[in-house]
Amino acid sequence: MARRPQTNRMAPVFEAPASSRPPLIAERVVPELSDDAPQRAAPSPRPPPRRRKPGRSPARKAPRRPRRRWIWPLIRLMLVGVIWMVIGLTGVVVWFGHDLPDPVTSANVTRRPSVTLLAADGSQLASFGDIQGDTVRTSDVPRALVLAILATEDRRFFKHFGLDLVGIARASVVNLRAGRVVQGGSTLTQQVAKNLFLTHDRTFKRKIQEVLLALWLEQTFTKDQILSLYLNRVYLGAGTHGVDAAARRYFDRPVGQINLYQAALLAGLPKAPSRLNPVTNPDGSRVRTLQVLQNMVGAKMITPVLAKQAAALADGAIPGAQRGGMGSYFADWILERVDDFAGPRDRDLIVRTTLDPVQQRSAEAAVAGLLAEKGAAMKASQAALVALAPDGAVTAMVGGRDHATSPFNRAAQARRQPGSAFKPFVFLAGLEAGLTPSTMMDDAPITVNGWSPGNYKDKYKGRVSLTQAFAQSLNTVAVRVSETAGRGAVVKVAHRLGVVGSLSPLPSIALGVFEVSPLDLTAAYAPFANGGYAVVPHGILSIADRDGDLLYKRQDSGPRRVVAPELARSMDTMLGAVVSWGTGRAARLADRMAHGKTGTSQGYRDAWFVGYAGKTLAGVWVGNDDGTPMRDVTGGILPTQIWHAFMLNAP
């Protein structure tokens, strides 16, 4: 009996054909799908459960300690962050530091040479450019100044490394609470970096460069050296750089001689030097100074009693600043001429001028006062006044109503029609042609080459003397005198006495129908005031550098006679008649004889009075910049009143 073959229990359930190849990986992983429905892979068999021995309870597994798998990823993340931070900071330093100025060469700051103008009495009138005083160290200045600066600008100066992280944090909190920037965190070292090497632009790049340079300064210099750099380079307003220059500008003394109040004033200026200095804003400067004194009390650097005593010194603390702002038009006029006498400016200059502070204040008060009182009603918005000594030295100059609003100098730059104020040159030409003050002429209508001028309000007086015609400013007689003497002669006389410009020998020249500046017209009257000698208007007496080396000194070339003595006396008599009983009666003075001539251009566009009394010659113009007519303003009204108010305090 044949034996049946035994089945192998370990044989696979599904046996592959002998000729089949091993399945590919994809075939083993992804099962074939039929057309009818998806086929699910057979689940892997689970191991049979363990049998428990009877009578034994199941054993409990010991709890596993939680693995802190987050620690190493966090450490790796922090390391990556630090690496990227270093890379970022390096990039910032490279990006913002590649064009940093060379600190060594930039320490020698190039500045504009300053020009300081002195009045005739030696007082300071104005300054232009960057004024820098003597170089000082911390040991050279009063301790009160150092304490005031530290109390106000950087109380932790001797504790930080160039950046005050505590101060920055405190300022950030204050600014966040206020919702705006009310407090800064810059240190003195940062301010030195900005003042010494950088611009004052409010940009992110400049701030980063300021930080980099502050760190360099702290590594290169000592704290005392950095503080000394600050004392010598900080800008303190009115063109002053450094505490010594500011002390000399505001207090008329070197910084080593200032008191506690003055030290507090200087320490408070860096916040807003142009706005809070005592020249520009005396009241604001005082308020800021009191704040600095309180800062010193708060920092326990001085006692409240000492702060109160210092505040009591405020009234006499700024003698140098009290002169600020006077003679601005004159200062501009002088500055334009400095280079002509001293050459290119390559050093600090001290310019002594001819300006008389007393006369200047009187001139400014007269112009401002009369315009404020009557200008609006008379539709007169501007005025100019210039005063000269008998030798042509300009002692006062007002170029307009307000220099801050309009710096255009109407006294020296504007050219307007003089009207009848030109008649002295016409009548002098007549005297030189043989006429006399008593010569009689007809005041009646006249026509010359088709031109028919008339008198004021078309009134005629008939037969009159030259003196009467001149005193009452009769136009028809002036034209007759011009035609008698010859228009060419009138032009020559005007040029000889100092009238500048092109004068055409037209019939209308007799009535001043051309343009001239108040300065030139006033100077041309000088021969009538000094007995017949021409003058050149000037304002500079000498120019020296800061070391006292003289660069220019005015040399008097001697008098140049342009009017014969007897004719000068005749003109003086006729000009006196104008003020005594003519059109210039408003100019009469109680203590001395006054002489002058009024003038009004066509349509009341320009009104003039030029005259002299004692040792002062002055000319006044009133009008509008755009040439619009005033309301019946003649030379005998507003200009003469301004002249009179000014001459009350003139020598």
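Mentor: One definition comes before the rest: helices (H or I, at least four residues) and strands (E, at least two) are DSSP runs, numbered from the N terminus. The model is predicted, so local features need pLDDT of at least 70 and side-chain atom pairs count only at pLDDT 80 or more, while totals for chains, interfaces and linings use all residues. Residues are numbered from 1 along each chain as its sequence is written, and side-chain values use heavy atoms, with hydrogens and water left out.

Trainee: Which strand gives the most to the lining of the second largest pocket?

Mentor: A pocket is an open set of points on a 1 Å grid over the protein atoms alone, with protein on both sides within 12 Å along at least five of seven lines; lining residues have an atom within 4 Å of a point. Ser420, Asn455, Tyr456, Ser473 and Asn475 are the closest to the centre of the second largest pocket, out of 35 lining residues. The biggest share, three residues, comes from residues 595-600, strand S14.

Trainee: How many residues of that lining are polar?

Mentor: Ala, Val, Leu, Ile, Met, Phe, Trp, Tyr, Cys and Pro count as nonpolar, Asp, Glu, Lys and Arg as charged, and the others, Gly among them, as polar. In the lining of the second largest pocket, eight residues are nonpolar and five are charged. The polar residues number 22.

Trainee: How much space lies in the largest cavity?

Mentor: A cavity is a set of grid points where a 1.4 Å probe fits but cannot get out. The points are joined across faces, edges and corners, and a volume is the space filled by probe spheres set on them. The structure holds one cavity of 30 Å³ or more. The space in the largest cavity is about 40 Å³.

Trainee: Which elements give two or more residues to the lining of the largest cavity?

Mentor: The lining consists of Leu145, Ile149, Tyr230, Val234, Leu236, Val243, Leu266, Ala267 and Pro270. By class, this makes nine nonpolar residues, with no polar and no charged ones. Two or more residues come from each of helix H4 (143-153) and helix H10 (260-268).

Trainee: At what angle do H9 and H10 pack?

Mentor: Val243, Ala246, Ala247, Tyr250 and Phe251 of H9 meet Gln262, Leu265 and Leu266 of H10, where contact means heavy atoms within 4.5 Å. Axes are lines fitted to C-alpha atoms, for helices over the stretch in contact, and angles run from 0 to 180 degrees between N-to-C directions. The axes of helix H9 (residues 243-251) and H10 are 11 Å apart, and the angle is about 120°.

Trainee: How are H16 and H19 turned to each other?

Mentor: The axes of helix H16 (residues 423-432) and helix H19 (residues 487-497) come within 9 Å and cross at roughly 115°. Angles under 35 degrees count as roughly parallel, over 145 as roughly antiparallel, 65 to 115 as roughly perpendicular and the rest as oblique. H16 and H19 are therefore roughly perpendicular.

Trainee: How many residues in the contact of H16 with H19 are charged?

Mentor: Phe425, Val426, Leu428, Ala429 and Glu432 in H16 meet Ala489, Val490, Val493, Ala494, Arg496 and Leu497 in H19. Nine residues of this contact are nonpolar, none is polar, and the charged ones number two.
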